[in-house]
Every structure is written in C-alpha cells, then in structure tokens.
Amino acid sequence: MSSTPRLFVTEDIFEGKTIALDEGQSNYLLRVLRLGAGAPVRVFNGRHGEWDCEIGPVQGKRASLEPVKQMRAQPELPASAPILLFAPVKKAETDFIVEKATELGAARICPILTEWTQTRTVRLDRFNKIVLEASEQTERLDLPQVEDLQPLATALEALPGGTVVIYCDEAGDDMDAPWGGDTGRAGPIADVLATLGDVPVAILIGPEGGFTPDERACLRGRDDTRPVSLGPRILRAETAAVAALSVWQALKGDWR
Ligand code: SAH
C-alpha cells in the first residue's frame, strides 16, 4: 500500500490545472503530515481517474496541488457494482455497514425503512464523510452514491431497470420446508447467484428484527427478487451486509 497520501477532490484534474484544496485538506497535508511544496499527493475525483500531483507553493495555511501524471484511467463503473439496500441499525453498526460497503465496492448505499426498523433517522452528512474517507483509504476511483433514508417500497421502485434484488432472507415461512420455492427457505446464495447472468443487483439486508411476514410475502412475490440464505446461522445485519457483498464480489463481481 503506497504511503503517498490520497485525497478526493471535486475539481477537474488535468495537467496544468492548479487544484485548490480546502482548509481541512490543507491542514491534513501541511500540519498533520507535515508535507511541503513539491511533496507527492495522489488525487481522484470520480471522473478523471487517479493522478500523481505535487504540492504547489504554500501560501499561509492553504495548499494547492499541481497534477503531474495520470496513474489510473477512470473505469466505467462495472454493471456488477452492487447497490446495497439496508435497514439502519445502531449507530456504530450502521457506520460500519456504510464503511464496509464502500470498501466492498458498492455503487450505491441506500438506507431503507422497513416495519421493524428501529432506527428511523440517519445522518447523511455523516455517511458522506465515512464514504469519502473509506474511498480514499481503499483506493477506489469513485465514491459510492449515498441515498437518503426511504421506505423499502420507494427504494425498490427507484432501482434501475433490470436490477435483480438479492433478498437476504434469514428464514423462510416454514423453517422445515426444503430450500427454495415460493414459501420455503431461501436457496443458498451461491446457488442463486449461479443462476444469474451478468445483471445489476441490489443486495437487501433487513433490520435486527428481520422482515415481517407481510414484507417477506411481498418481496417473494416480486419477479425481480431472489430470496437467498446466508447459511444456517442468524447473522447480525452488519455481518450479513459484509458477507453478502463479499460473496457477490467473489462470484460475480470485481474480485474475479
Ligand atoms: N429477526 C431475525 C434476525 C435478523 S438479522 C432473527 O432474529 O431471526 C438482520 C438481517 O440480516 C436479516 O433481515 C437478513 O436480511 C440478514 N440475515 C441474517 N442472517 C441471515 C441468514 N442466515 N440468511 C439470510 N439473511 C440473513
């Protein structure tokens, strides 16, 4: 892992364009890292790939960057970049989900309200800060888009056409029923993913209390939804989010 600091900037990045840094970023480079003019810094903005830059002449407390060379081109966001739909849980665990979804390549992170969701408000500014820091640390070239908290039905309707919903269902209607089918336990996630072509997906994770029988029936009734099991143990929502995203990336995503 490179020790060169890596920053997200909003400005365009191209040779000859001086990039002005805000106070926080200037302070981080000049005071926290104690760097000066000429020191290397890597930047990305989600549009122009990743660039090697140098700190320009320092005026007072503000720094600027001079782009030197593009090190990585901006990839088209792969269709396989998953959307995460998750019911917020306790604060620290919700922050954990947002950070891990960023590291695991989620394209969009959508907190959703379900009947048994305990946490009924989220701090979008906090999510955006977590996403920004995690994207810098994990060396992503793009930032996942964070959506505001919305009812599950609204979030499902807003999904891009053709998206398949991977519905992590911790228990079917009949615990003794065989795998799969309309009312039995959901099929093992690896088997379900194997049936999908190269389609965009949204991974759905419920709250601590799980989904209500009505929600489960509604979800299972959708033709764009595939219920999946994450094994015989009940996982915490934050564990389920990491597990489902990891399995997706390993079998269908950019870990291949
Ligand atoms: N109310 C449930 C626990 C819900 S866990 C109970 O106590 O039985 C929170 C969420 O994580 C679930 O809604 C589901 O989306 C996911 N999850 C947890 N364990 C899972 C499993 N074994 N299979 C599929 N999804 C799981």
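Predicted model: local features only at pLDDT ≥ 70, side-chain atom pairs only at ≥ 80, totals over all residues.
## Ligand surroundings

The ligand is surrounded by 19 residues. Those that come closest are Cys168, Gly209, Leu230, Arg233 and Leu235.

An oxygen atom of the ligand lies 3.0 Å from a polar backbone atom of glycine 206.

## Overall architecture

The protein has 256 residues, of which 48% are buried. Its secondary structure consists of seven helices and 13 strands. Taken along the principal axes, the C-alpha atoms fill a box of roughly 70 × 35 × 30 Å.

Of the contacts between residues at least 6 apart in sequence, 71% join residues at least 24 apart.

## Helix 1

Helix 1 covers residues 23-32, and its buried residues are Gln25, Ser26, Leu29 and Leu30. Viewed down the helix axis, these buried residues lie within an arc of 110 degrees, and they therefore line one face of helix 1. The cover over them includes strand 1 (6-8), strand 3 (40-44), strand 4 (50-55) and strand 5 (64-72). Glu23, Gly24 and Val32 are exposed, and they sit on the face of helix 1 that is turned away from the buried side.

Both ends of the helix show local detail. At the start of helix 1, aspartate 22 places a side-chain oxygen within 3.0 Å of the backbone nitrogen of glycine 24. After helix 1 comes arginine 34, which has a positive phi, near 55 degrees.

## Aromatic pairs

The structure contains two aromatic pairs. In one of them, the ring centres of phenylalanine 8 and phenylalanine 44 are 5.4 Å apart and the ring planes meet at 70 degrees, so the arrangement is edge-to-face. Because phenylalanine 8 belongs to strand 1 and phenylalanine 44 to strand 3, this pair ties together parts that are 36 residues apart in sequence. Phenylalanine 8 has a relative accessibility of 15% and counts as buried; phenylalanine 44, at 0%, is likewise classed as buried.

The other pair is formed by tyrosine 167 and phenylalanine 211, whose ring centres are 5.1 Å apart with planes at 90 degrees, so this pair is also edge-to-face. Tyrosine 167 is located in strand 10 (residues 164-168), while phenylalanine 211 is in the loop between strand 12 (201-205) and helix 6 (213-220), so the pair ties together parts that are 44 residues apart in sequence. Tyrosine 167 and phenylalanine 211 are both buried.

Arginine 6 lies over the face of its ring, at 4.2 Å from the ring centre.

## The loop between strand 7 and helix 3

Threonine 119 lies in the loop that joins strand 7 (108-113) to helix 3 (124-137). Its relative accessibility is 22%, so threonine 119 counts as partly exposed. Beyond neighbours within four places in sequence, threonine 119 contacts Pro88, Val89, Lys90 and Leu113. With valine 89, the side chain of threonine 119 reaches the backbone oxygen at 2.8 Å. The C-alpha atoms of threonine 119 and valine 89 are 5.8 Å apart, although the two residues are separated by 30 positions in sequence.

Threonine 121 occupies the loop between strand 7 and helix 3. At 61% relative accessibility, threonine 121 is classed as exposed. From C-alpha to C-alpha, threonine 121 is 40 Å from methionine 71, and the two are 50 residues apart in sequence.

Technical notes
Residues numbered from 1 in each chain as written. Heavy atoms only, no water. Helix = DSSP H or I, 4+ residues; strand = E, 2+ residues; numbered from the N terminus. Buried < 20%, exposed > 50% of the residue type's maximum accessible area, 1.4 Å probe, protein only. Contact = heavy atoms within 4.5 Å. Polar contact = N/O pair within 3.5 Å; in protein donor to acceptor, adjacent residues only side chain to side chain. Arc of directions from axis to C-beta. Phe/Tyr/Trp six-rings, centres within 6.5 Å; stacked < 30°, edge-to-face > 60°. Lys NZ or Arg CZ within 6 Å of the ring centre and 35° of its normal. Near = heavy atom within 4 Å.
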